[in-house]
Amino acid sequence: MSTTYFGPVQWYQKLHRAEHVIIEQWESFQKQTYRNRCLIATTNGVQALTVPVEKSAACIKDICISDHGNWRHLHWNALQSAYGESPFFEYYQDDIRPFFEERWTYLLDFNEAIRQKMCELIDIQPEVTYSTGYVADSGSIGIDDFRSAINPKHPIHDNDFETKTYYQVYQMKHGFLSNLSVLDLLFNMGPESIFYL
């Protein structure tokens with residue numbers, strides 16, 4: 001699987017259900033993917049939050065986060081606005097806020113710290129390792145490859161992904177919005193989040 005910035009529910013469902021997960025660190029960076037963006041529910045509908053990066057590196061493990069645009073402040077304000085009235089935002093905000101206060105150099109390190117914190121908060125213990133080299137078609141060596149399948153712009157149909165509805169703050173206005181950031185699940189369902197994975 002590719003690294004993600006507060007990845008979608010589908011990504012965390014795969015993480016929870018797999019016996020072993022390999023996080024890709026040697027692939028090239030791809031724009032408009034969950035590698036540096038997440039989707040949240042706001043009063044106006046779905047909003048993408050994107051971490052700006054410096055794209056000079058050859059592989060994802062070397063991609064640096066840019067400080068352009070005061071993005072940390074903007075993302076935290078967006079989360080407060082979107083989820084401030086959700087049942088569990090107040091409970092988890094102190095765990096999440098540091099990601100918008102500390103500066104990280106590398107996107108992969110940042111995303112992995114997020115993944116570890118989210119696993120702790122949801123109470124899942126996946127076995128995770130990192131790729132040791134790039135394999136173009138890991139399906140050919142008997143590994144399920146979700147690097148391109150879990151994509152915000154062009155998702156590939158996934159028979160194993162179970163979309164379960166749960167309470168969302170703006171559900172009466174927009175209907176249920178599926179496969180948003182795991183933050184949406186956590187802030188709305190709290191300790192019950194694990195049951196939706």
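The largest nonpolar core of this predicted model comprises 58 residues, and those with the most contacts inside it are Tyr 5, Phe 6, Tyr 12, Leu 15, Ile 96 and Met 118. Such a core is a set of buried Ala, Val, Leu, Ile, Met, Phe, Trp, Tyr and Cys residues joined through side-chain atoms within 4.5 Å; buried denotes under 20% relative accessible area, exposed over 50%, and partly exposed the range in between, with a 1.4 Å probe and protein chains only. Residues are numbered from 1 along each chain as its sequence is written, and side-chain values use heavy atoms, with hydrogens and water left out. Because the model is predicted, local features need pLDDT of at least 70 and side-chain atom pairs count only at pLDDT 80 or more, whereas totals for chains, interfaces and linings use all residues.

- Two or more core residues come from each of helix H1 (9-17), strand E1 (21-23), strand E2 (37-42), helix H2 (71-83), helix H3 (89-96), helix H4 (107-122) and helix H6 (182-189); helices (H or I, at least four residues) and strands (E, at least two) are DSSP runs numbered from the N terminus.
- With nine residues, H4 gives the most to this core.
- Ile 96 touches Phe 6, Trp 76, Met 118, Leu 121, Leu 183 and Phe 187, when residues up to four places away in sequence are not counted; contact means heavy atoms within 4.5 Å.

**Helix H1**

- H1 is largely enclosed by the rest of the structure, because seven of its nine residues are buried.
- The buried residues of H1 are Val 9, Gln 10, Trp 11, Tyr 12, Gln 13, Lys 14 and Leu 15.
- These buried residues of H1 pack against E1, H4, E6 and H6.

- Six of the six residues of E2 are buried.
- Burial applies to both faces of E2: Arg 37, Leu 39 and Ala 41 lie on one side, and Cys 38, Ile 40 and Thr 42 on the other.
- E2 pairs with strand E3 (residues 45-50) in the antiparallel sense over six bridges; pairing requires that DSSP finds at least two bridges between two strands.
- Val 46 in E3 is the bridge partner of Ala 41.

**Salt bridges**

- The whole structure contains eleven salt bridges, each defined as a side-chain nitrogen of Lys or Arg within 4 Å of a carboxyl oxygen of Asp or Glu.
- Glu 24 forms a salt bridge with Arg 147, with the closest N and O atoms 2.8 Å apart.
- Glu 24 lies in the loop between E1 and E2 and Arg 147 in the loop between strand E6 (128-130) and helix H5 (171-174), so this pair ties together parts that are 123 residues apart in sequence.
- Glu 24 counts as buried at 5% relative accessibility, and Arg 147 is buried with a relative accessible area of 7%.
- Arg 147 also forms a salt bridge with Asp 145, at 2.6 Å between the closest N and O atoms; Asp 145 is partly exposed, at 31% relative accessible area.
- Asp 67 and Arg 72 meet through their side chains in a salt bridge of 2.8 Å, N to O; Asp 67 is partly exposed at 45% relative accessible area, whereas Arg 72 is buried at 8%.
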